[in-house]
Amino acid sequence: MNGPSWRVPLGRRDGRVSRSSEALANLPPPSANITQLKASFRSKGLSDRELAILSGGHTIGISHCSSISNRLYNFTGQGDTDPSLDPNYVVHLKRKCSPTDTTSIIEMDPGSARTFDTSYYTLVRKRRGLFEADAALLNDNATRNYVLRQGNSGGSNFFNDFAASMVKMGRIGVITGNRGEIRRICSAIN
Ligand code: HEM
């Protein structure tokens with residue numbers, strides 16, 4: 001997808017049991033505000049700047065309509081739309097996602113959802129970040145500054161930042177000692 005690559009440290013221990021409930025308990029929801037996002041990332045040892053960098057992962061991939069239906073159709077429980085979203089984009093998103101649609105998918109970075117680039121930050125700047133959690137990056141000095149710098153010459157290098165942050169994120173909760181096992185195949189227990 002034309003993105004950066006990085007060296008993945010090998011030979012570390014991994015768990016033998018995976019539970020989807022544990023994953024959800026550790027992930028912020030798409031409706032998270034900046035305070036919740038910062039707290040969630042800090043609880044894993046990731047800084048506010050790394051929150052802004054890793055959110056750039058949304059330059060690729062898709063979302064289900066259900067992840068944004070509240071934002072489009074029932075933001076405060078009054079049948080309203082999130083005012084932080086570009087009204088022209090709302091029209092476009094509503095055409096793609098009806099209120100009760102739980103199966104359709106939409107590109108998070110339309111037209112460039114299979115290319116890893118800095119266009120995510122352009123979208124957020126234009127108030128077209130898909131989730132409240134994307135829009136929220138504009139509500140804090142550190143994350144806002146990072147978003148605004150991308151694409152400007154002299155700004156920091158998103159690709160290098162992303163690679164370094166991915167390596168750091170990969171260190172979260174690594175287990176040691178006798179727990180778990182070193183897998184022979186990364187995606188399967190031995
Ligand atoms: C900052 C907090 C984050 C929130 C609230 C969040 C939320 C979400 C949501 C709601 C979806 C769509 C799920 C669906 O409806 O199917 C999604 C997709 C995705 N997220 Fe995040 N995310 C966050 C951080 C990250 C990070 C740190 C990365 C990677 C560095 C990442 C990479 C992705 C990718 C690649 C997809 C698309 C998956 C696909 O195409 O199937 N996200 N995210």
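Domain bounds in this tour come from an automatic or database domain assignment. The model is predicted: local features need pLDDT of at least 70, side-chain atom pairs count only at pLDDT 80 or more, and totals for chains, interfaces and linings use all residues. Residues are numbered from 1 along each chain as its sequence is written, and side-chain values use heavy atoms, with hydrogens and water left out.

Begin by colouring the two domains: domain 1 comprises 9-60 + 113-190, and domain 2 comprises 62-107. Their centres, taken over C-alpha atoms, lie 23 Å apart. Contact (heavy atoms within 4.5 Å) links eleven residues of domain 1 with 16 residues of domain 2.

Next, select Asp-86, in the loop between helix H4 (69-73) and helix H5 (87-96). Helices are DSSP runs of H or I with at least four residues, numbered from the N terminus. Is Asp-86 buried or exposed? Asp-86 counts as buried because its relative accessibility is 12%, the limits being under 20% relative accessible area for buried, over 50% for exposed and partly exposed in between (1.4 Å probe, protein chains only).

Now display Lys-126, Arg-127 and Arg-128, with which Asp-86 is in contact when its neighbours within four places in sequence are left aside. The side chains of Asp-86 and Arg-128 are joined by a polar contact of 2.8 Å; such a contact is a pair of N or O atoms within 3.5 Å, and within protein one must be able to donate a hydrogen and the other to accept it, while residues adjacent in sequence count only if both atoms are side-chain atoms.

Finally, move to Leu-10, in the segment before helix H1 (20-26). Leu-10 is exposed, at 70% relative accessible area.

Methods
Helix = DSSP H or I, 4+ residues; strand = E, 2+ residues; numbered from the N terminus.
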